[in-house]
Amino acid sequence: MPECWDGEHDIETPYGLLHVVIRGAPKGNRPAILTYHDVGLNHKLCFNTFFNFEDMQEITKHFVVCHVDAPGQQTGASQFPQGYQYPTMDQLAGMLPSVVQHFGFKSIVGIGVGAGAYVLANFALIFPELVEGLVLLNIDPNGKGWIDWAATKLSGLTSALPETVLTHLFSQEELMNNTELVQSYRQQIGTSVNQFNLQLFWNMYNGRRDLEMSRPGTVLNAKTLRCPAMLVVGDNAPAEEGVVECNSKLDPTKTTFLKMADSGGLPQLTQPGKLTEAFKYYLQGMGYMPSASMTRLARSRTTSLTSASSVDGSRPRTCTHSDSSDGMGQINHTMEVSC
């Protein structure tokens with residue numbers, strides 16, 4: 001891989017072209033941070049606020065970042081022709097190995113939101129050797145039942161597409177208050193993303209199947225994510241129930257569930273500081289960035305862990321991390337944290 005692929009690329013995959021944006025250069029054997037946005041958005045609308053946040057620069061200087069846009073969702077994308085068969089959610093996951101191979105990434109740490117979180121979790125289930133860790137915001141591992149499917153179809157008939165998508169992205173409180181963020185994204189969803197292409201992605205996401213995951217020990221030959229995962233959802237977010245369900249399907253020794261107060265439907269936009277702190281601590285738990293200062297959130301989580309362990313009289317556990325900046329440590333605890 002060349003020293004720097006900084007910029008935009010169109011990558012050939014078995015299921016069509018994929019638009020990606022690279023920021024920075026590979027750092028030794030460290031994984032790439034690979035992002036995947038939610039339906040209705042693209043990498044800019046979904047992640048610019050988060051990755052441009054000042055404290056995030058301490059993290060991104062240690063990793064190359066790869067932003068993936070779902071087919072036809074990037075700003076300025078050409079409209080797909082009538083009759084175009086949009087990739088299934090499984091095929092969207094199947095496009096990602098081509099990206100990893102093209103740039104020579106040894107592995108990735110994924111950050112996905114909503115539909116993008118579903119794609120990355122599916123990718124990790126199919127290609128576990130390529131995924132070192134996952135941060136999943138607003139993930140819903142379940143397909144839609146007939147009632148939900150019918151409600152979505154009815155909403156599509158009675159509301160403009162941007163309005164329908166907004167109910168997926170934002171909390172009822174945010175929509176009722178018509179916050180500045182909602183107003184801004186209503187306009188940007190309608191102008192920055194090709195509406196025909198968006199409808200195809202929206203339809204495919206709403207036709208998704210259940211992710212085949214079960215918590216180890218609950219069923220014979222249970223299949224679940226092998227990598228450390230951090231689940232994130234805002235208080236009263238539309239995805240809250242789905243994220244709780246996902247948490248119940250993951251290995252508790254490798255999972256952290258973070259519920260963020262006052263963050264609405266999209267915590268990476270409304271609380272980028274808190275999410276950056278959580279992400280930094282997550283990476284430290286994997287053995288990366290050991291010299292980075294322990295943040296306020298990390299301290300509160302350590303206190304919470306010790307307190308929770310002490311309540312039932314058991315000996316407080318400590319979290320052990322690798323001292324190597326490039327080695328992968330082992331997360332040996334699960335915490336459910338509200339912040």
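This is a predicted model: local features need pLDDT of at least 70, side-chain atom pairs count only at pLDDT 80 or more; totals for chains, interfaces and linings use all residues.
Student: Let's start with the cysteines. How many disulfides does a search of the whole structure find?

Tutor: The search finds 0 disulfides. To count, a pair of cysteine sulfur atoms would have to lie within 2.5 Å.

Student: Why is C46 called buried?

Tutor: Buried means under 20% relative accessible area, and C46 has 0%, so C46 is buried. C246 also has 0% relative accessibility, so the label is buried there too.

Student: On to the rings. What makes F63 and Y288 an edge-to-face pair?

Tutor: Two values decide that. Ring centres must lie within 6.5 Å, with planes over 60 degrees apart for edge-to-face. F63 and Y288 have centres 5.7 Å apart and planes at 80°, so the pair is edge-to-face. The two residues are 225 residues apart: F63 sits in the loop between helix 2 (57–60) and strand 4 (65–69), while Y288 sits in the loop between helix 12 (272–285) and helix 13 (296–311).

Student: And are those two residues buried or exposed?

Tutor: The cut-off for buried is under 20%. F63 has a relative accessible area of 1%, so F63 is buried. Y288 has 1% as well, so Y288 is buried.

Student: How do you know that Y84 and Y86 form an aromatic pair?

Tutor: Their rings are 6.4 Å centre to centre, against a limit of 6.5 Å. With 80° between the planes, the pair is edge-to-face. Y84 and Y86 also belong to a cluster, linked by ring pairs, with F80 and F201. By the same rule, the count comes to 11 aromatic pairs.

Student: Why is Y84 called partly exposed, and what is the label for Y86?

Tutor: Partly exposed is the range between the under 20% of buried and the over 50% of exposed. Y84 has 26%, so Y84 is partly exposed. Y86 has 2%, so Y86 is buried.

Student: What makes R30 count as lying over the face of F63?

Tutor: CZ of Arg has to be within 6 Å of the ring centre and within 35 degrees of the ring normal. R30 lies over the face of F63 at 5.6 Å from the ring centre. A second case is R208, whose charged end sits over the ring of Y205, 4.1 Å from its centre.

Student: Now the second largest pocket. Which element gives the most to its lining?

Tutor: Helix 1 does, with 5 residues. Helix 1 (43–51), strand 2 (16–23), helix 2 and strand 4 each supply at least two residues of that lining. The pocket holds about 300 Å³ of space. Its lining has 18 residues, and V21, R23, H43, N48 and H67 lie nearest the centre. By class, the lining of this pocket has 4 nonpolar, 10 polar and 4 charged residues.

Student: One last value. Why is E240 called buried?

Tutor: E240 has a relative accessible area of 19%, and the cut-off is under 20%, so E240 is buried. E240 lies in helix 10. Its C-alpha atom is separated by 8.5 Å from that of I139, 101 residues apart along the chain.

Methods. Residues are numbered from 1 along each chain as its sequence is written. Side-chain values use heavy atoms; hydrogens and water are left out. Buried means under 20% relative accessible area, exposed over 50%, partly exposed in between (1.4 Å probe, protein chains only). Rings of Phe, Tyr and Trp (its six-membered ring) pair if their centres lie within 6.5 Å; planes under 30 degrees apart count as stacked, over 60 as edge-to-face and the rest as tilted. Helices (H or I, at least four residues) and strands (E, at least two) are DSSP runs, numbered from the N terminus. On a 1 Å grid over the protein atoms alone, a cavity is a set of points where a 1.4 Å probe fits but cannot get out, and a pocket is an open set with protein on both sides within 12 Å along at least five of seven lines; lining residues have an atom within 4 Å of a point. Grid points are joined across faces, edges and corners, and a volume is the space filled by probe spheres set on the points. Ala, Val, Leu, Ile, Met, Phe, Trp, Tyr, Cys and Pro count as nonpolar, Asp, Glu, Lys and Arg as charged, and the others, Gly among them, as polar.
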